[in-house]
Every structure is written in C-alpha cells, then in structure tokens.
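Q: Please take a close look at the aromatic pairs of this structure and at the parts of the chain that surround them. A connected account, with the cut-offs behind each term, would be welcome.

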Amino acid sequence: MYIIGGTASKTVAEDLSKSLKAPIAETISKRFPDNEFYFRIVDDVKDEHVIIVQTTYPDNNIIELFIIQNAVEEAKAKEISIVIPYFGYARQDTKFKDGEPISAKAMANLISLNADRVITVDPHKEHILDFFSTSAHSCTAVPELAKYLKNKKIDMILAPDKGALNRAKEAAKIMKCDFDYMEKTRIDGETIEIKPKNLDAVDKNVAIIDDIISTGGTMAKSIVELKKYGAKNVYVACTHGLFAGEAVKKLTTAGCTEIISTDTIVGQFSKVKVASCLKSFFI
Ligand code: R5P
C-alpha cells in the first residue's frame, strides 16, 4: 500500500501514512510557468493499493486530483482509493433553480472515473455519496472536535440550525453536556437570519458546532444571539474551515472566544486532525 498526498492534504496523508504504516510514495510535482500542474510517480506502484489524499478545494486542487488519479491509473495500481478530506462543491447538491447544475454530481462523476473507492469527511449532506458510481463512504470529525472541546469546560453545545442537530447531539454525548439548536433561515449565499429562541445561556460556556464555516455569517449571528442571552464564552467549531473573505474578522468582532477547525482544509485554526476517523477504512 502506498499513500500519495496532494498539495492540499499533506498533513492528512502523513498522518495516515504513520497510522497505517504505509509509505508515502515518492513523487515529483510542480507547476509549469503557465501554472498547469505536472506530476510524476517515482516509486513503482504497479499492482499496489494506492490511497490518494486530496481536498477538492479550491479549484486548483481538483485538477491536481484528476492528474494524480490518472498517473496512478497509468502506473497500473491494483486498487485506487481516494480520500477527500473536504469535498468541495458538495453544497450545490441539487438544482435549486432551473438551469443550474448539480455540481456535487459533476464532481463525483469525474472522480469516479479513476477510483475504486472514495471516502470523505462530514459531507454537507450524506446523499451526495450516491452521486459516485464507485463505492463511496463518509466518516465524521465530530468525535475529534468534541474531544478538543472537552478541555474547555463547555456547558452547552449548539447546532446553528436544526439540520446540524445530530452533530451537536453526538458531540454533547462525548462531552457530557447539554445540546440545543438555533433557528436559522438562509436568505441568500451571504445573508442568514438567526431567530431568537428561548435558550438558557446565562454565564454559560457555549460551543457552536457546524460542518462548514464559509463566510462566517451563520456563526457570527449565532454568537451575537448567544451573547444577548448572557453567554460567557462562545467557541465555534467546524470540520471544514473555509473562512472566506472577512469571516475571521466577523467572528472575532461578534465576540468569539476561540475558533476551531480541522485539517480537512489546512489553516491557522486547524487544531483537530481527521486522519483517525479515516484510518478505519483501511485496516
Ligand atoms: C449550511 O447549511 C452549512 O451547514 C453551514 O452552516 C454554512 O455553509 C455556513 O456558511 P456561512 O459561514 O457562509 O454562514
């Protein structure tokens, strides 16, 4: 078994390599002067099981994945597993308006071409796994996020909307604390409304958990509401920290105590690792 990590997912690839005791294949990669991607596998992976690890965000990393998949296929690997820590485009999982694509399906179709198995972490909705024509599975980083939050003396864990309630429930079970949800209405990609709700948050340490922080709008509004209810500290935790535009500023301005994300997208808030939830698929 060999592991190949694309540039978006080196840490996850290295962690998987250590825990599975499988080497990282020697490869050469670079960008041509026009920014096109070049890739070459130096090790002989013929008849081997090769695990490619690559987050499909931002767009450059999608092309990288396709090129790596093709290199592995051309090298005649016996089995190709694709680990996608963050599956980009998953939120366009249906046609919300006539004339739109189902972007998650388009991505899944292309990835399936050179893959025997796909594994991703906390997809926005589980049904996107059905878009793959190869076997597709998911795992969750919630237990790892909950373990991190356990040290913060959290009194209550909150989902920013009802759709994320199961995540909060799962984390609360591990953290042995209360859980609840906020009532969110999305107006458009940039605007959301968090409806006031009866929450007993006075002097409490609250953590809000979600799959994604993108513009930070959902979390920032939730923090403001919680502060109105008298919350002492508000932590925000997510699996996929996109932190688009002014997201971090929005969260700090809203009064966030700490921002926590995982290494599905590597950044300054990647405090939790996801390799442990992925390794069980390979042992
Ligand atoms: C939506 O259903 C997701 O679970 C997240 O709540 C959402 O993607 C977060 O986006 P933003 O940070 O832009 O509010």
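A: The account below begins with the aromatic pairs and then turns to the loops, the ligand and the backbone.

The model is predicted, so local features need pLDDT of at least 70 and side-chain atom pairs count only at pLDDT 80 or more, whereas totals for chains, interfaces and linings use all residues. Numbering runs from 1 along each chain as its sequence is written, and side-chain values use heavy atoms, with hydrogens and water left out.

A pair of aromatic rings is described by the distance of the centres and the angle of the planes. Rings of Phe, Tyr and Trp (its six-membered ring) pair if their centres lie within 6.5 Å; planes under 30 degrees apart count as stacked, over 60 as edge-to-face and the rest as tilted. The structure holds 5 aromatic pairs. One of them joins phenylalanine 37 and phenylalanine 39, a stacked pair with 6.0 Å from centre to centre and 20° between the planes. Both phenylalanine 37 and phenylalanine 39 are buried, where buried means under 20% relative accessible area, exposed over 50% and partly exposed in between (1.4 Å probe, protein chains only).

Another pair is formed by phenylalanine 87 and phenylalanine 132, whose ring centres are 5.5 Å apart and whose planes meet at 45°, so this pair is tilted. The pair links distant parts of the chain, 45 residues apart: phenylalanine 87 belongs to the loop between β5 (79–84) and α3 (103–112), and phenylalanine 132 to the loop between β6 (117–121) and β7 (135–139). Helices (H or I, at least four residues) and strands (E, at least two) are DSSP runs, numbered from the N terminus. Phenylalanine 87 counts as buried because its relative accessibility is 3%, and phenylalanine 132 counts as buried at 8%.

Leaving out residues up to four places away in sequence, phenylalanine 37 touches Ser29, Lys30, Arg31, Phe32, Glu64, Ile67 and Ile68; contact here means heavy atoms within 4.5 Å. Between phenylalanine 37 and valine 248 there are 211 residues in sequence and 31 Å in space, C-alpha to C-alpha. Lysine 30 also has its charged end over the ring of tyrosine 38, 5.3 Å from the ring centre. A charge sits over a ring if NZ of Lys or CZ of Arg is within 6 Å of the ring centre and within 35 degrees of the ring normal.

The loop between β6 and β7 also contains threonine 134. Threonine 134 is buried, with a relative accessible area of 14%. A polar atom of the threonine 134 side chain is 3.0 Å from the backbone oxygen of alanine 115. Such a polar contact is a pair of N or O atoms within 3.5 Å; within protein, one must be able to donate a hydrogen and the other to accept it, and residues adjacent in sequence count only if both atoms are side-chain atoms. Apart from neighbours within four places in sequence, threonine 134 is in contact with Ser112, Ala115, Asp116, Arg117 and Val118.

The ligand has 13 residues around it, the closest being Asp210, Asp211, Ser214, Thr215 and Thr218; a residue is near a molecule if one of its heavy atoms lies within 4 Å of it. An oxygen atom of the ligand lies 2.6 Å from an N or O atom in the side chain of threonine 215. For serine 214, a backbone N or O atom is 2.8 Å from a ligand oxygen, and for arginine 91 a side-chain N or O atom is 3.2 Å from one. Of the 380 Å² of accessible area that the ligand has on its own, the protein covers 90%. Accessible areas come from the Shrake-Rupley method with a 1.4 Å probe; for residues, only the protein chains shown count as cover. Aspartate 210 is located in strand β12 (residues 205–213) and counts as buried at 6% relative accessibility.

Some backbone details complete the picture. Most residues other than glycine have a negative phi, and most peptide bonds are trans. Tyrosine 89, in the loop between β5 and α3, has a positive phi of about 75° although it is not a glycine. Tyrosine 89 is partly exposed, with a relative accessible area of 36%. Tyrosine 57 and proline 58 are joined by a cis peptide bond, with omega about -15°.
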